[in-house]
Amino acid sequence: MLIGEVARRSGVSARMLRHYESLGLVHPSGRTGSGYREFSEEDIRRIFHIESLRALGLSLREAGRALDDSGFTPSALVDDLIRRTRTRIAAETELLTRLRRIHAAEPTDWRDALHVVMLLQALGSQSAGARQRAALTSASSADGVPVPVEALVEAALAESDPYAAGALRWALARSGDGAPALLAEGIGSPVAAVRERAVRSLAEMPGDEAAGHLREALTHPDAVLRGQAALALGARGEAEAVPALVDMVVEGRNDTEAADALSVLAGDNPAADGIATLLLDRLAHDTTEPPARGRLTQALAGIPGAVASRALVELSHDADRAVALTATYLLQLRDTQG
């Protein structure tokens, strides 16, 4: 069978068949009297095998080795192909994401597009300083081409350097709509560090939407996350944070910050009396350990009003000497300040 017929039957061009021959992948069975190459049915089958392996992603040389190696194991080849395909898909997906983000920035010319590309590359830099500068630039650029909020959120949720993380949170707080919802998705991450970064970022974002996501975080099973959300809401004057803040005092997790937040929330007498009552309820709980009772007593120091004052008077006679001494000292401070 001559090369033209082989090309027609196999779908491989005559030029490519000559390339196969030059690589030693196929060997014509002979030549005609005129010197034309002749191929056998076996040659045709080998060409089909080569093309099948190429379709799986093998190079021509790899296909030849696979066909000629008697120790070749298909499973090992398939495993390697799966690994390489996943790597290629990941690279293509990353490129697609980057292109979508450039498109979302709506650049008006190539200068704008390249500016966005530069910032996106810097956000993914190995240098924490470069990531920090990119975040600051994205929020204060005079070019009018902002980095897409999705890229800022992704960077913020992955950032471990405190300075770069702070710059990213600052940029997100100025990024406009869209960031709170994306950050809220981070609260559902299986990685604790990602969840905490999401809440810290939401804590620095203004507006009711961010506050709403923080309130939802108050019911999260992660106690650390609940505490972060409660501190953020307390700083915003959100009364819903009070039970979680009291829990923090009892459990000794950031209890000083929690007590300070309770003091801020107790700015008016009705709120103060309610917070003092809640602290007293926890003090009266039979299972509250002595260290927790001490922290609860100290928390009453920042709560104004008659309820807190009466509680401290009663606690000054508490059976736990440490609690009694703390309450007595706090009463003396109140008298001095009053």
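**Notes on helix packing and selected residues**

1. Start with I102, which sits in helix α5, the helix that spans residues 74-104. The model is a predicted one. Is I102 buried or exposed? Its relative accessible area is 14%. Buried means under 20%, so I102 is buried. L114 lies 12 residues away from I102 in sequence. In space, the two are 8.9 Å apart, C-alpha to C-alpha.

2. Helix α10 covers residues 179-187. Its buried residues are A179, P180, L183, A184, G186 and I187. Viewed down the axis of α10, these fall within an arc of 145°, so they line one face of the helix. An α-helix has 3.6 residues a turn, so residues three or four places apart point the same way.

3. What do the buried residues of α10 pack against? The partners are five helices named here by range: α8 (149-158), α9 (162-173), α11 (192-203), α12 (208-217) and α13 (223-235).

4. Two of those partners, α8 and α11, also pack with each other. The angle is about 125°, and the axes are 8 Å apart. That makes α8 oblique to α11. The crossing of α8 past α11 is right-handed. On the α8 side, the contact uses A156, L157 and A158. On the α11 side, it uses V194, R197, A198 and S201. By class, this contact holds 5 nonpolar residues, 1 polar and 1 charged.

5. R169 is worth a look while you are in this region of the sequence. It is located in helix α9. Is R169 buried or exposed? Its relative accessible area is 10%, so R169 is buried. Leaving out residues up to four places away in sequence, R169 touches R200, S201 and E204. Of these, S201 in α11 also meets α8.

6. Helices α1 (residues 3-10) and α3 (residues 41-55) form another packed pair. Their axes are 11 Å apart, and the angle is about 45°. The two helices are therefore oblique to each other. As in the α8 and α11 pair, the crossing of α1 past α3 is right-handed.

7. Which residues make the contact between α1 and α3? From α1 come V6, R9 and S10. From α3 come E41, I44, I47 and F48. The residues of this contact divide into 4 nonpolar, 1 polar and 2 charged.

8. Helix α18 runs over residues 306-315. V307, A308, A311, L312 and L315 are its buried residues. Around the axis they cover an arc of only 135°, which puts them on the same side of α18. What does the face turned away from that buried side carry? It carries the exposed residues R310 and E314.

9. Check the backbone at N254. Most residues other than glycine have a negative phi. N254 has a positive phi of about 50°, although it is not a glycine. Where is N254 found? It lies in the loop between α14 (242-251) and α15 (255-265). With a relative accessible area of 44%, N254 is partly exposed.

How values were computed. Residues numbered from 1 in each chain as written. Predicted model: local features only at pLDDT ≥ 70, side-chain atom pairs only at ≥ 80, totals over all residues. Heavy atoms only, no water. Buried < 20%, exposed > 50% of the residue type's maximum accessible area, 1.4 Å probe, protein only. Helix = DSSP H or I, 4+ residues; strand = E, 2+ residues; numbered from the N terminus. Arc of directions from axis to C-beta. Contact = heavy atoms within 4.5 Å. Axes fitted to C-alpha atoms, helices over the stretch in contact; angles between N-to-C directions. Parallel < 35°, antiparallel > 145°, perpendicular 65-115°, else oblique. Left-handed = near helix turned anticlockwise from the far one by under 90°. Nonpolar A, V, L, I, M, F, W, Y, C, P; charged D, E, K, R; others polar.
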